[in-house]
Amino acid sequence: MRMVFRWFGEGNDFIPLEHIKQVPGVEGLVWALHDIPAGEAWPLERIKEVKRQANQYGFHIDVVESVNIHEDIKLGLPSRDRYIENYIQTIERLAEVGVKVICYNFMPVFDWTRTDLFKEMSDGSTALFFENAKISNTDPMELVKEIAENSHLTMPGWEPERLKHLTNLFRQYEGVTEEDLWNHLQYFLEKIIPVARKHDIKMAIHPDDPPFSVFGLPRIMTSKKNIERFLKLVDDRYNGLTLCSGSLGANLENNVADMVRSFSDRIHFAHIRNVKTFENGDFIETSHRSEDGTVHILDIMKAYHDVDFTGYARPDHGRHIWDEKCRPGYGLYDRALGIMYLWGIWDALNKEKEA
Ligand SMILES: [Mn+2]
């Protein structure tokens, strides 16, 4: 397991690299050029600049999250070929600086959805929260406004420029079924995966967050059965997964530890976090500790250990604790605590194996 830490870039993250350096066992930064709109090729000079910044602190930049996919690709419009060309160019440039894994997702319109970014918990900490009933009663425009006003910094997947056209986007998705989305994903993969293979970059799709339809939009990366189907669309190791325990875990029917064992040779990036799911479909993000949520982090780590996982892993999100001013879900403190929990399990399992 190679521990990495998401960092949103110079001037775009509250956390200095000096502080990330002090978290035990973090070897690399998970990064992206968040200001480049989806569909445009990333400039090589900008990529190299991030590499220089990271290398100064001894971090590698092996993992990129995310190179976002233009909506026209997801919609299967004729203009998609131009955006796929740009995507290929970005892959080639990332290969030039030694990037190994690209995380991306194929969710229509929204990267992820929550109804409350700072929901207070009983201990006074706050965390990202999803309230089912609120989603059914909220106009997506309202939610976008709320998120934009409360997130402190621009959130990936919720860029104001793109979401200005929300009404239009929703109209474009009218009549687009899950089967259509599968077809559009396959079209994309058939163009991209040979390029990724040639450059030794593993493509790692992130599951849908949450793993069910929101605002009536189609969603497909939601379950074990659907992940199996995904892996067969292009049956190549370079067509792989970012297995996110918190996203998949928001549906209690998903057994993430079982998925780790089933898909181990295709998991290139592990997102590890816990959520507490309620019977009415609501869920809140919790600490990493197994007993704080409904996702069995301990079982999941045991599964990764049993399959000799050598890929990259990061604590996915954290709560907001100790009055930290931070991006929702991306404070330093709770993610650092999460890392220590993950290392604690991992080291104990290593010791057990040696004995
Ligand atoms: Mn994730």
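**Helix packing and its surroundings**

Guide: Helix 4, covering residues 80-96, packs against helix 9, residues 178-198, at an angle of about 20° and with 10 Å between their axes. Helices here are DSSP runs of H or I with at least four residues, strands are runs of E with at least two, and both are numbered from the N terminus; axes are lines fitted to C-alpha atoms, for helices over the stretch in contact, and angles run from 0 to 180 degrees between N-to-C directions. This angle makes helix 4 roughly parallel to helix 9, where under 35 degrees counts as roughly parallel, over 145 as roughly antiparallel, 65 to 115 as roughly perpendicular, and the rest as oblique. Their crossing is right-handed, a term for a near helix turned clockwise from the far one by less than a right angle, anticlockwise being left-handed. On the side of helix 4 the contact involves Ile84, Tyr87, Ile88 and Ile91, and on the side of helix 9 it involves Phe188, Lys191, Ile192, Val195 and Ala196, two residues being in contact if their C-beta atoms, placed from the backbone, lie within 7 Å. Sorted by class, these are 8 nonpolar, no polar and 1 charged residues, with Ala, Val, Leu, Ile, Met, Phe, Trp, Tyr, Cys and Pro taken as nonpolar, Asp, Glu, Lys and Arg as charged, and the others, Gly among them, as polar.

Two conventions apply throughout. Residue numbers start from 1 along each chain as its sequence is written. Since the model is predicted, local features need a pLDDT of at least 70 and side-chain atom pairs count only at pLDDT 80 or more, while totals for chains, interfaces and linings use all residues.

Isoleucine 297 belongs to helix 13, and it counts as buried because 27 C-beta neighbours lie inside 10 Å; a residue is buried with 20 or more other C-beta atoms within 10 Å of its own, exposed with 12 or fewer, and partly exposed in between, the C-beta atoms being placed from the backbone. Apart from neighbours within four places in sequence, isoleucine 297 is in contact with Ile272, Asn274, His288 and Ser290. Between isoleucine 297 and lysine 351 there are 54 positions in sequence and 19 Å in space, C-alpha to C-alpha.

The loop between helix 13 and strand 12 (312-315) contains aspartate 308, whose phi near 55° is a positive value in a residue other than glycine. Aspartate 308 counts as exposed, because it has 9 C-beta neighbours inside 10 Å.

Elsewhere, phenylalanine 215 has a positive phi, near 55°, and is likewise a residue other than glycine. Phenylalanine 215 sits in the loop between strand 7 and helix 10 and counts as partly exposed because it has 16 C-beta neighbours inside 10 Å.

As for the whole, the protein has 14 helices and 12 strands, and its C-alpha trace spans about 55 × 45 × 40 Å along the principal axes. Its radius of gyration of 19 Å agrees with the value near 20 Å that a compact globule of 355 residues would have, the radius being taken over C-alpha atoms and the globule rule being 2.2 Å times the number of residues to the power 0.38. Of the 355 residues, 42% count as buried.
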